[in-house]
Amino acid sequence: MGLTGWDTQWQALGLGADELRLYEALLDAPAHSSRAALARSLGLTARRVGNALDRLAEHGFTHPARGRPAPLPSAVAPSTALRNLIHLRQAELMRRSAALEELTVSVDRMAATLLDSVNAPGATGIETVRGGAAIAARVASLLVSASEEVALLDRPPYAASRPDGMPAPLDVTEPVRRGVRVRVAVDREGLSFQGRARGLGELALQGVHIRVGTDLPTKLITVDRRVTLLPPTDAADPTASALVVSDALLSNALVPLFESVWERAVPIGAVSDDRITDEDRELLTMLASGLKDEAMARRLDVHVHTVRRRITRLMRALDAETRFQAGVRAALRGWLTA
(Lines give C-alpha, C1' and ligand atoms only; values in the text may rest on other atoms or scores of the structure.)
Protein backbone atom coordinates (compact mmCIF):
# COMPACT_ATOMS: atom_id res chain seq x y z
CA MET A 1 0.00 0.00 0.00
CA GLY A 2 1.52 3.31 -1.00
CA LEU A 3 1.57 5.96 1.72
CA THR A 4 3.41 8.72 -0.12
CA GLY A 5 1.94 12.07 0.87
CA TRP A 6 -0.10 10.47 3.66
CA ASP A 7 2.50 9.81 6.35
CA THR A 8 2.42 13.39 7.63
CA GLN A 9 -1.34 13.37 8.14
CA TRP A 10 -1.33 9.98 9.86
CA GLN A 11 1.66 10.94 12.01
CA ALA A 12 -0.25 14.04 13.10
CA LEU A 13 -2.33 11.57 15.12
CA GLY A 14 0.81 10.16 16.72
CA LEU A 15 0.88 6.97 14.64
CA GLY A 16 2.96 5.63 11.76
CA ALA A 17 2.77 3.58 8.59
CA ASP A 18 2.79 0.23 10.41
CA GLU A 19 -0.15 1.27 12.57
CA LEU A 20 -2.13 2.45 9.54
CA ARG A 21 -1.60 -0.81 7.63
CA LEU A 22 -2.36 -2.91 10.68
CA TYR A 23 -5.51 -1.00 11.59
CA GLU A 24 -6.88 -1.26 8.05
CA ALA A 25 -6.14 -5.01 8.15
CA LEU A 26 -7.92 -5.38 11.50
CA LEU A 27 -11.02 -3.78 10.04
CA ASP A 28 -11.21 -6.68 7.58
CA ALA A 29 -9.54 -9.51 9.54
CA PRO A 30 -11.75 -12.39 10.77
CA ALA A 31 -11.99 -12.76 14.54
CA HIS A 32 -9.90 -15.95 14.58
CA SER A 33 -6.90 -14.52 12.69
CA SER A 34 -3.58 -14.85 14.48
CA ARG A 35 -0.79 -12.33 14.85
CA ALA A 36 1.50 -14.60 12.88
CA ALA A 37 -0.94 -14.83 9.96
CA LEU A 38 -1.46 -11.08 10.01
CA ALA A 39 2.29 -10.44 10.09
CA ARG A 40 2.78 -12.71 7.09
CA SER A 41 0.00 -11.05 5.10
CA LEU A 42 1.46 -7.59 5.74
CA GLY A 43 5.09 -8.63 5.31
CA LEU A 44 5.98 -7.38 8.79
CA THR A 45 7.96 -9.02 11.56
CA ALA A 46 6.19 -10.25 14.67
CA ARG A 47 7.94 -7.56 16.71
CA ARG A 48 6.71 -4.75 14.43
CA VAL A 49 3.17 -6.13 14.56
CA GLY A 50 3.35 -6.31 18.35
CA ASN A 51 4.66 -2.77 18.67
CA ALA A 52 2.03 -1.45 16.25
CA LEU A 53 -0.76 -3.24 18.14
CA ASP A 54 0.46 -1.68 21.40
CA ARG A 55 0.41 1.82 19.88
CA LEU A 56 -3.05 1.30 18.38
CA ALA A 57 -4.33 0.22 21.79
CA GLU A 58 -2.73 3.26 23.47
CA HIS A 59 -4.47 5.56 20.98
CA GLY A 60 -7.86 3.88 21.37
CA PHE A 61 -8.07 2.25 17.93
CA THR A 62 -8.60 -1.31 19.21
CA HIS A 63 -10.64 -3.18 21.82
CA PRO A 64 -8.66 -5.47 24.16
CA ALA A 65 -8.29 -9.06 22.96
CA ARG A 66 -10.09 -11.67 25.07
CA GLY A 67 -9.56 -15.40 25.47
CA ARG A 68 -6.61 -17.79 25.54
CA PRO A 69 -4.57 -17.97 23.51
CA ALA A 70 -5.10 -14.25 22.98
CA PRO A 71 -6.65 -13.59 19.55
CA LEU A 72 -6.16 -10.38 17.64
CA PRO A 73 -7.81 -7.34 19.19
CA SER A 74 -10.85 -6.02 17.37
CA ALA A 75 -10.79 -2.64 15.65
CA VAL A 76 -12.78 0.25 17.08
CA ALA A 77 -15.06 1.86 14.48
CA PRO A 78 -13.04 4.50 12.58
CA SER A 79 -15.39 7.39 13.33
CA THR A 80 -15.37 6.58 17.07
CA ALA A 81 -11.61 6.11 17.25
CA LEU A 82 -10.88 9.28 15.29
CA ARG A 83 -13.22 11.46 17.31
CA ASN A 84 -11.92 10.14 20.63
CA LEU A 85 -8.32 10.66 19.57
CA ILE A 86 -8.98 14.15 18.22
CA HIS A 87 -10.69 15.07 21.51
CA LEU A 88 -7.61 13.88 23.39
CA ARG A 89 -5.38 15.88 21.04
CA GLN A 90 -7.55 18.96 21.54
CA ALA A 91 -7.22 18.64 25.31
CA GLU A 92 -3.46 18.36 24.94
CA LEU A 93 -3.41 21.38 22.63
CA MET A 94 -5.36 23.39 25.21
CA ARG A 95 -2.69 22.54 27.76
CA ARG A 96 0.05 23.52 25.34
CA SER A 97 -1.86 26.68 24.42
CA ALA A 98 -1.91 27.74 28.06
CA ALA A 99 1.86 27.23 28.21
CA LEU A 100 2.22 29.21 24.98
CA GLU A 101 0.25 32.10 26.46
CA GLU A 102 2.78 32.29 29.28
CA LEU A 103 5.63 32.35 26.77
CA THR A 104 3.84 34.94 24.63
CA VAL A 105 3.51 37.36 27.54
CA SER A 106 7.28 37.31 27.99
CA VAL A 107 8.27 37.74 24.32
CA ASP A 108 8.03 41.52 24.10
CA ARG A 109 9.61 41.91 27.51
CA MET A 110 12.39 39.56 26.45
CA ALA A 111 13.03 41.56 23.27
CA ALA A 112 13.17 44.83 25.21
CA THR A 113 15.59 43.31 27.70
CA LEU A 114 17.79 42.04 24.88
CA LEU A 115 17.92 45.47 23.27
CA ASP A 116 18.93 47.02 26.59
CA SER A 117 21.59 44.40 27.25
CA VAL A 118 23.10 44.00 23.80
CA ASN A 119 25.48 46.94 24.29
CA ALA A 120 26.14 46.23 27.93
CA PRO A 121 29.74 45.41 28.93
CA GLY A 122 30.43 41.69 28.67
CA ALA A 123 27.26 40.92 26.70
CA THR A 124 27.67 37.77 24.60
CA GLY A 125 25.54 35.75 22.27
CA ILE A 126 23.33 38.70 21.23
CA GLU A 127 23.77 40.85 18.13
CA THR A 128 21.80 43.78 16.73
CA VAL A 129 21.41 44.04 12.95
CA ARG A 130 20.11 47.39 11.72
CA GLY A 131 18.45 48.29 8.40
CA GLY A 132 16.44 46.26 5.93
CA ALA A 133 19.35 45.39 3.63
CA ALA A 134 21.58 44.22 6.48
CA ILE A 135 18.76 42.16 8.00
CA ALA A 136 17.97 40.51 4.65
CA ALA A 137 21.64 39.67 4.14
CA ARG A 138 21.91 38.15 7.62
CA VAL A 139 18.77 36.05 7.09
CA ALA A 140 20.13 34.78 3.77
CA SER A 141 23.43 33.92 5.47
CA LEU A 142 21.66 32.00 8.22
CA LEU A 143 19.60 30.00 5.71
CA VAL A 144 22.71 29.09 3.74
CA SER A 145 24.40 27.92 6.95
CA ALA A 146 21.53 25.61 7.94
CA SER A 147 22.47 21.94 7.97
CA GLU A 148 19.54 20.30 9.77
CA GLU A 149 16.47 22.48 10.20
CA VAL A 150 15.05 25.94 9.64
CA ALA A 151 11.98 26.98 11.67
CA LEU A 152 10.02 30.20 11.07
CA LEU A 153 7.15 32.03 12.71
CA ASP A 154 5.63 34.42 10.19
CA ARG A 155 2.90 37.00 10.78
CA PRO A 156 1.80 40.46 9.57
CA PRO A 157 2.69 43.24 9.14
CA TYR A 158 4.58 42.53 5.94
CA ALA A 159 6.71 44.80 3.81
CA ALA A 160 4.52 46.83 1.45
CA SER A 161 6.61 45.77 -1.55
CA ARG A 162 5.70 42.10 -1.05
CA PRO A 163 2.05 41.51 -0.11
CA ASP A 164 2.70 37.78 0.23
CA GLY A 165 5.05 38.50 3.12
CA MET A 166 8.06 36.63 1.72
CA PRO A 167 10.88 39.13 1.14
CA ALA A 168 12.89 38.46 -2.00
CA PRO A 169 16.15 37.50 -0.20
CA LEU A 170 14.33 34.89 1.91
CA ASP A 171 14.50 31.74 -0.23
CA VAL A 172 13.30 28.99 2.10
CA THR A 173 13.40 26.43 -0.72
CA GLU A 174 17.20 26.59 -1.00
CA PRO A 175 17.72 24.69 2.28
CA VAL A 176 15.05 22.19 1.22
CA ARG A 177 16.98 21.43 -1.95
CA ARG A 178 19.98 20.61 0.25
CA GLY A 179 17.95 18.20 2.36
CA VAL A 180 17.34 20.59 5.26
CA ARG A 181 13.93 20.37 6.92
CA VAL A 182 12.05 23.69 6.76
CA ARG A 183 8.99 24.35 8.94
CA VAL A 184 6.96 27.54 8.65
CA ALA A 185 4.08 28.49 10.95
CA VAL A 186 2.11 31.37 9.45
CA ASP A 187 -0.58 33.51 11.01
CA ARG A 188 -4.05 32.98 9.58
CA GLU A 189 -4.46 36.74 9.25
CA GLY A 190 -1.75 36.77 6.61
CA LEU A 191 -3.74 34.48 4.31
CA SER A 192 -5.99 37.43 3.44
CA PHE A 193 -3.12 39.19 1.63
CA GLN A 194 -3.22 38.96 -2.14
CA GLY A 195 -1.30 35.95 -3.46
CA ARG A 196 -0.27 34.79 0.01
CA ALA A 197 -2.23 31.50 0.12
CA ARG A 198 -1.14 30.60 -3.42
CA GLY A 199 2.49 31.31 -2.57
CA LEU A 200 2.33 29.11 0.52
CA GLY A 201 0.77 26.32 -1.51
CA GLU A 202 3.64 26.50 -3.98
CA LEU A 203 6.16 26.34 -1.14
CA ALA A 204 4.41 23.27 0.25
CA LEU A 205 4.69 21.57 -3.12
CA GLN A 206 8.44 22.22 -3.04
CA GLY A 207 8.83 20.45 0.29
CA VAL A 208 8.35 23.20 2.87
CA HIS A 209 6.27 22.05 5.87
CA ILE A 210 3.64 24.72 6.48
CA ARG A 211 1.05 25.12 9.21
CA VAL A 212 -1.47 27.86 9.87
CA GLY A 213 -2.09 29.26 13.36
CA THR A 214 -3.86 32.19 14.97
CA ASP A 215 -2.41 35.06 16.99
CA LEU A 216 1.24 34.12 16.50
CA PRO A 217 3.19 35.91 19.25
CA THR A 218 6.15 37.12 17.20
CA LYS A 219 8.23 36.65 14.08
CA LEU A 220 11.35 34.56 14.35
CA ILE A 221 13.75 32.40 12.35
CA THR A 222 15.64 29.58 14.07
CA VAL A 223 18.48 27.69 12.39
CA ASP A 224 19.58 24.27 13.63
CA ARG A 225 18.17 25.13 17.09
CA ARG A 226 21.33 27.13 17.79
CA VAL A 227 20.76 30.60 16.35
CA THR A 228 17.50 32.58 16.37
CA LEU A 229 16.83 35.82 14.53
CA LEU A 230 14.00 38.03 15.78
CA PRO A 231 13.00 40.24 12.82
CA PRO A 232 11.62 43.72 13.38
CA THR A 233 7.89 43.93 14.00
CA ASP A 234 7.46 46.35 11.09
CA ALA A 235 9.27 44.88 8.07
CA ALA A 236 8.65 48.09 6.09
CA ASP A 237 10.59 50.30 8.53
CA PRO A 238 14.02 50.94 6.89
CA THR A 239 15.54 51.86 10.29
CA ALA A 240 14.23 48.82 12.15
CA SER A 241 16.55 46.46 14.00
CA ALA A 242 16.65 42.68 14.28
CA LEU A 243 18.19 40.62 17.04
CA VAL A 244 20.36 37.56 16.44
CA VAL A 245 20.45 35.34 19.52
CA SER A 246 22.95 32.53 19.93
CA ASP A 247 23.04 32.44 23.72
CA ALA A 248 22.04 28.94 24.85
CA LEU A 249 19.71 30.06 27.64
CA LEU A 250 17.79 32.42 25.39
CA SER A 251 17.64 29.91 22.52
CA ASN A 252 16.23 27.37 24.95
CA ALA A 253 13.30 29.73 25.49
CA LEU A 254 12.75 30.70 21.84
CA VAL A 255 12.88 27.18 20.39
CA PRO A 256 10.11 25.91 22.73
CA LEU A 257 8.11 28.99 21.73
CA PHE A 258 8.20 27.87 18.10
CA GLU A 259 7.36 24.26 19.01
CA SER A 260 4.35 25.37 21.06
CA VAL A 261 3.01 27.39 18.13
CA TRP A 262 3.71 24.52 15.72
CA GLU A 263 1.86 21.98 17.88
CA ARG A 264 -1.36 23.98 17.95
CA ALA A 265 -1.19 25.07 14.28
CA VAL A 266 -3.00 23.21 11.48
CA PRO A 267 -1.25 21.73 8.42
CA ILE A 268 -1.97 23.91 5.42
CA GLY A 269 -3.70 20.98 3.71
CA ALA A 270 -6.09 20.68 6.63
CA VAL A 271 -7.63 24.13 6.35
CA SER A 272 -11.39 23.78 5.94
CA ASP A 273 -12.63 23.79 2.35
CA ASP A 274 -15.78 25.81 1.59
CA ARG A 275 -16.51 23.59 -1.41
CA ILE A 276 -17.52 20.64 0.77
CA THR A 277 -21.31 20.14 0.81
CA ASP A 278 -23.59 18.82 3.54
CA GLU A 279 -24.17 15.69 1.44
CA ASP A 280 -20.42 15.17 1.16
CA ARG A 281 -20.08 15.50 4.95
CA GLU A 282 -22.82 12.95 5.48
CA LEU A 283 -21.23 10.53 3.03
CA LEU A 284 -17.78 10.93 4.60
CA THR A 285 -19.20 10.37 8.07
CA MET A 286 -20.86 7.13 6.95
CA LEU A 287 -17.64 6.14 5.20
CA ALA A 288 -15.63 6.71 8.39
CA SER A 289 -18.23 4.65 10.28
CA GLY A 290 -17.43 1.66 8.09
CA LEU A 291 -20.76 1.36 6.27
CA LYS A 292 -20.84 -0.61 3.02
CA ASP A 293 -21.65 1.08 -0.27
CA GLU A 294 -25.11 -0.48 -0.46
CA ALA A 295 -26.02 0.71 3.05
CA MET A 296 -24.83 4.23 2.27
CA ALA A 297 -26.83 4.24 -0.96
CA ARG A 298 -29.98 3.23 0.92
CA ARG A 299 -29.51 5.94 3.51
CA LEU A 300 -28.88 8.59 0.86
CA ASP A 301 -31.64 7.21 -1.38
CA VAL A 302 -29.36 7.08 -4.41
CA HIS A 303 -27.97 4.33 -6.64
CA VAL A 304 -24.89 2.52 -5.35
CA HIS A 305 -22.94 3.61 -8.44
CA THR A 306 -23.65 7.23 -7.51
CA VAL A 307 -22.23 6.62 -4.04
CA ARG A 308 -19.08 5.08 -5.50
CA ARG A 309 -18.57 7.97 -7.91
CA ARG A 310 -18.93 10.47 -5.07
CA ILE A 311 -16.52 8.49 -2.90
CA THR A 312 -13.98 8.45 -5.73
CA ARG A 313 -14.33 12.21 -6.17
CA LEU A 314 -13.91 12.86 -2.44
CA MET A 315 -10.88 10.58 -2.20
CA ARG A 316 -9.31 12.49 -5.07
CA ALA A 317 -10.07 15.82 -3.35
CA LEU A 318 -8.55 14.49 -0.12
CA ASP A 319 -5.55 12.96 -1.92
CA ALA A 320 -6.34 9.67 -0.16
CA GLU A 321 -5.32 6.25 -1.44
CA THR A 322 -7.79 4.25 0.68
CA ARG A 323 -11.23 4.90 2.06
CA PHE A 324 -9.93 4.82 5.61
CA GLN A 325 -7.32 7.43 4.74
CA ALA A 326 -10.12 9.56 3.35
CA GLY A 327 -12.01 9.22 6.63
CA VAL A 328 -8.99 10.22 8.73
CA ARG A 329 -8.13 13.15 6.50
CA ALA A 330 -11.76 14.33 6.49
CA ALA A 331 -11.78 14.15 10.29
CA LEU A 332 -8.58 16.20 10.48
CA ARG A 333 -10.16 18.82 8.25
CA GLY A 334 -13.29 18.95 10.38
CA TRP A 335 -15.43 17.70 7.50
CA LEU A 336 -17.34 14.99 9.43
CA THR A 337 -20.81 15.69 10.71
CA ALA A 338 -21.43 15.62 14.45
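A residue is called buried at under 20% relative accessible area, exposed at over 50% and partly exposed in between, using a 1.4 Å probe and protein chains only. The structure is a predicted model, in which local features need pLDDT of at least 70 and side-chain atom pairs count only at pLDDT 80 or more, while totals for chains, interfaces and linings use all residues. Residues are numbered from 1 along each chain as its sequence is written, and side-chain values use heavy atoms, with hydrogens and water left out.

**Exercise 1. Classify D280 as buried or exposed, and identify its surroundings.**

Solution. Step one: D280 has a relative accessible area of 3%, and is therefore buried. Step two: D280 belongs to helix α10, residues 278-288; helices are DSSP runs of H or I with at least four residues, strands are runs of E with at least two, and both are numbered from the N terminus. Step three: apart from neighbours within four places in sequence, D280 is in contact with R310, R313 and L314, where contact means heavy atoms within 4.5 Å. Step four: the side chains of D280 and R313 form a polar contact at 2.8 Å. Such a contact is a pair of N or O atoms within 3.5 Å; within protein, one must be able to donate a hydrogen and the other to accept it, and residues adjacent in sequence count only if both atoms are side-chain atoms.

**Exercise 2. Determine how strand β4 is enclosed and which strands pair with it.**

Solution. Step one: six of the six residues of β4 (residues 149-154) are buried, so the strand is largely enclosed by the rest of the structure. Step two: one face carries E149, A151 and L153, the other V150, L152 and D154, and all of these are buried. Step three: β4 pairs with β5 (residues 181-187) in the parallel sense over six bridges; pairing requires that DSSP find at least two bridges between the strands. In this pairing, E149 has R181 as its bridge partner. Step four: β4 and β7 (residues 220-223) run antiparallel and are joined by four bridges, with A151 opposite T222.

**Exercise 3. Find the aromatic pairs and assign the geometry of each.**

Solution. Step one: rings of Phe, Tyr and Trp (its six-membered ring) pair if their centres lie within 6.5 Å; planes under 30 degrees apart count as stacked, over 60 as edge-to-face and the rest as tilted. The count is two aromatic pairs. Step two: the ring centres of Y23 and F61 are 5.0 Å apart with planes at 90°, so this pair is edge-to-face. Y23 lies in helix α2 (residues 17-28) and F61 in the loop between α4 (46-58) and β1 (62-63), so the pair ties together parts 38 residues apart in sequence. Y23 is buried at 0% relative accessibility, and F61 is buried with a relative accessible area of 0%. Step three: for F258 and W262, the centres are 5.7 Å apart and the planes at 25°, so the pair is stacked. F258 and W262 both lie in helix α9 (residues 248-264), four residues apart, about one turn of the helix, and both are buried. Step four: the charged end of R183 sits over the ring of W262, 5.2 Å from its centre; this requires NZ of Lys or CZ of Arg within 6 Å of the ring centre and within 35 degrees of the ring normal.
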